[in-house]
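Read the following with the sequence and the 3D view side by side.

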Amino acid sequence: MNVELRPPAAIKPYEKNPRDNDEAVNAVAESIRRFGFRQPIVVDADGVIVCGHTRWKAVQRLGFAVVPVHVASDLTPEQIRAYRIADNKTAELASGTWSCCRSSWPSCRAPASTGRCWASTRTSSPGCSTPA
C-alpha cells in the first residue's frame, strides 16, 4: 500500500457521506493526539474521501500541516461505493463488553447505557474476550 502526505485542505469530503460524525471528532482528535496518526485517510483519484471523514475533521481541529493518505486508484467507482458502505457498516456488526476493561483504561468515559468506551474500541486487553 502506498501512502503519501497531503495537506488536509487538499483532501475533499465526500458530499454524500451519510455518517453524522461531528460528536466523534473530539474523541478521535484526542486519540490522534495521544497515539499518533495510525491509519491513513483513503481517497479516490480525485482526492475525495473514501474512508476517514472523522480523522480528516480531527486533524483539521488539531492543525496538522499534512496527513497520511492512501489513494485507492486501483478501485473502480463501483468498488469505491461498495468500500464506503462496508467501511461504515461493518463496525455495526461487532459488539463488545467494555466494563471488564475499565481498570485498564481509567479514563474510559463510557455512557452507562452502552458500556462502551470511546478510547478503547479498537484495542483489546487481557481478560476482555468474554462478557463480564
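Of the 132 residues of the protein chain, 34% count as buried. The model is a predicted one, and every value here is computed from it. The protein chain exposes about 8800 Å², and carbon and sulfur atoms supply 52% of that area. Three helices and four strands make up the secondary structure of the chain. Starting from the N terminus, the elements follow the order β-α-β-β-α-β-α. Contacts can also be sorted by how far apart the partners lie in sequence. Among contacts between residues at least 6 apart in sequence, 72% join residues at least 24 apart.

Now find two of the helices. Helix 1 covers residues 25-35 and helix 2 covers residues 53-62. Their axes come within 8 Å and cross at roughly 70°. An angle from 65 to 115 degrees counts as roughly perpendicular, and helix 1 and helix 2 are therefore roughly perpendicular to each other. The crossing in which helix 1 passes helix 2 is right-handed.

Which residues meet where helix 1 and helix 2 are in contact? On the side of helix 1 they are Val25, Asn26, Val28, Ala29, Ile32 and Arg33. On the side of helix 2 they are Thr54, Arg55, Lys57, Ala58, Val59, Arg61 and Leu62. Sorted by type, the residues of this contact are seven nonpolar, two polar and four charged.

One residue of this contact can be followed in detail. Valine 25 is part of helix 1. Is valine 25 buried or exposed? Buried means under 20% relative accessible area. Valine 25 has a relative accessibility of 1%, so it counts as buried. Apart from neighbours within four places in sequence, valine 25 is in contact with Thr54, Lys57, Ala58 and Arg61.

Just after helix 2 comes glycine 63, which takes a positive phi of about 80°.

With a relative accessible area of 0%, valine 69 is buried. Leaving out neighbours within four places in sequence, the contacts of valine 69 are Asn2, Val3, Glu4, Arg6, Ile11, Pro40, Ile41 and Val43. Between valine 69 and glycine 47 the C-alpha distance is 9.3 Å, and these two residues are 22 apart in sequence.

Valine 3 lies in the segment before strand 1 (4-6). How is the exposure of valine 3 classed? Values between the limits for buried, under 20%, and exposed, over 50%, count as partly exposed. Valine 3 has a relative accessible area of 46%, so it is partly exposed. Again leaving aside neighbours within four places in sequence, valine 3 is in contact with Pro40, Pro68 and Val69. Along the chain, valine 3 and valine 71 are 68 residues apart, yet their C-alpha atoms are separated by 7.4 Å.

How values were computed. Residues are numbered from 1 along each chain as its sequence is written. This is a predicted model: local features need pLDDT of at least 70, side-chain atom pairs count only at pLDDT 80 or more; totals for chains, interfaces and linings use all residues. Side-chain values use heavy atoms; hydrogens and water are left out. Axes are lines fitted to C-alpha atoms, for helices over the stretch in contact, and angles run from 0 to 180 degrees between N-to-C directions. Angles under 35 degrees count as roughly parallel, over 145 as roughly antiparallel, 65 to 115 as roughly perpendicular and the rest as oblique. A crossing is left-handed if the near helix is turned anticlockwise from the far one by less than a right angle, and right-handed if clockwise. Contact means heavy atoms within 4.5 Å. Ala, Val, Leu, Ile, Met, Phe, Trp, Tyr, Cys and Pro count as nonpolar, Asp, Glu, Lys and Arg as charged, and the others, Gly among them, as polar. Buried means under 20% relative accessible area, exposed over 50%, partly exposed in between (1.4 Å probe, protein chains only). Accessible areas come from the Shrake-Rupley method with a 1.4 Å probe; for residues, only the protein chains shown count as cover.
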